[in-house]
Amino acid sequence: MSRDLGLRRLHGLHGLHGLRGPRRLHGLRGPRRTALVAASVTALSLTASGCVVVHGEREVLPAATRAEAAEALKEFTAAYNAADKAYDSSLDADRTTGALADIDGARLKAGKVNNPDGNPSHAPLELTDAKFTIPAKAGWPRWFLADTAANKGGDVRWLLVFTRDALDDPWEVAYLTLVSPDDVPEFKTDKDGRAETVPANSREVAVAPGELSQKYATYLKDGGEGFAEGPHTTGWRDTRKKKSVRPGLATQYLDEPLVNGDYAPLALRTADGGALVFFTTRHFEKQTAAAGATVPTPNKDVLALTSGEIRQSLTMEFVSNEVALDPADGPVQVLGRIQGLTSAKGE
């Protein structure tokens with residue numbers, strides 16, 4: 001991809017990602033919190049010799065009980081439905097974060113611009129048949145995975161990753177992806193049913209979870225080995241190639257990792273020794289019309305998030321959250337991806 005066409009100027013759009021954008025999947029959103037909260041929570045436990053102080057930031061503890069996880073899922077669903085009905089992201093602002101907040105918050109923003117009185121197509125989301133995978137770990141954030149069925153999207157499974165940065169924080173969904181039921185792996189658990197997290201710097205898997213976002217961004221640009229064939233790897237690259245050769249319209253792409261704060265990757269150990277990893281990337285797509293031609297007019301949801309006047313070019317910024325099987329050895333398989341427009345700029 002040539003830098004001479006000015007794609008690197010896209011970095012000037014970074015101040016816009018708080019705008020959030022419409023997602024490819026109908027229905028989710030929320031605001032973003034950009035830094036982890038430093039926590040020094042202590043818990044008291046009684047022993048035969050008296051009170052012992054247990055430091056929550058150092059002790060390996062389960063993230064939640066199953067009852068607490070079920071309540072968090074219930075509260076998220078209620079807040080999500082209220083926000084979706086009103087096209088008002090403030091109604092679930094404390095239930096979403098990270099990639100999901102960016103993706104769905106923008107969908108709500110665009111919806112509000114085009115339908116000030118609310119969502120005329122609102123249908124309440126129902127999440128059922130919930131299965132919770134709850135890891136035990138030290139420190140913050142604490143998090144767990146909810147694997148559910150839904151009344152939207154067919155027979156796929158909805159994977160929601162709930163996180164919180166302190167004991168008194170509400171549970172927020174940072175990642176939401178949809179996968180085939182056959183693609184949900186078996187997780188490694190101990191005798192108490194507690195799952196195991198995989199550190200960001202782990203070398204026990206093919207790609208360290210903390211490096212997966214960068215590796216994926218590089219793969220989308222250059223190709224190469226390391227990722228299995230599929231719709232989110234070879235398929236996505238093929239789609240881009242076809243779009244980039246349209247007569248009279250040049251399309252360029254820039255892909256970047258997102259790894260810090262609420263975008264940090266989260267990984268669970270699978271029973272076969274690999275990991276299921278949730279991670280985030282950011283993508284730019286710039287369409288530039290040839291002399292005498294015009295950029296195709298975007299739909300009303302894109303226009304609702306566009307600054308500037310579209311004359312010769314349109315630059316769109318997307319946030320994407322992915323889930324991948326990262327084996328102990330072999331190529332990484334990207335199982336699911338939800339991407340949404342977060343801002344756009346016409347020039």
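Is phenylalanine 278 buried or exposed? Phenylalanine 278 is buried, because its relative accessible area is 0%, where buried means under 20%, exposed over 50% and partly exposed in between (1.4 Å probe, protein chains only).

The exercises below concern a predicted model, in which local features need pLDDT of at least 70, side-chain atom pairs count only at pLDDT 80 or more, and totals for chains, interfaces and linings use all residues. Residues are numbered from 1 along each chain as its sequence is written, and side-chain values use heavy atoms, with hydrogens and water left out.

**Exercise 1.** Determine the strand order of the open four-stranded sheet and identify the strands at its edges.

*Solution.*
Step 1. The order is 4-6-7-8, and the pairing is antiparallel. Strands (E, at least two residues) are DSSP runs numbered from the N terminus, as are helices (H or I, at least four); two strands pair if DSSP finds at least two bridges between them.
Step 2. Strand 4 (127-133) and strand 8 (172-179) each have a single partner strand, so one side of each lacks a neighbour in the sheet.
Step 3. Between strand 6 (residues 142-150) and strand 7 (residues 157-164) there are seven bridges; alanine 146 has leucine 160 in strand 7 as its bridge partner.

**Exercise 2.** Classify the aromatic pair of phenylalanine 132 and phenylalanine 144.

*Solution.*
Step 1. A pair of aromatic rings is described by the distance of the centres and the angle of the planes. Rings of Phe, Tyr and Trp (its six-membered ring) pair if their centres lie within 6.5 Å; planes under 30 degrees apart count as stacked, over 60 as edge-to-face and the rest as tilted.
Step 2. The centres of these two rings are 6.1 Å apart and the planes stand at 75°, so phenylalanine 132 and phenylalanine 144 form an edge-to-face pair.
Step 3. Phenylalanine 132 belongs to strand 4 and phenylalanine 144 to strand 6, 12 residues apart.
Step 4. Phenylalanine 132 counts as buried at 13% relative accessibility, and phenylalanine 144 counts as buried at 0%.

**Exercise 3.** Classify the aromatic pair of tyrosine 175 and phenylalanine 278, and locate both residues.

*Solution.*
Step 1. The rings lie 6.0 Å centre to centre with 40° between the planes, and the pair is tilted.
Step 2. Tyrosine 175 lies in strand 8 and phenylalanine 278 in strand 11 (residues 275-289), 103 residues apart.
Step 3. Tyrosine 175 is buried, with a relative accessible area of 1%.
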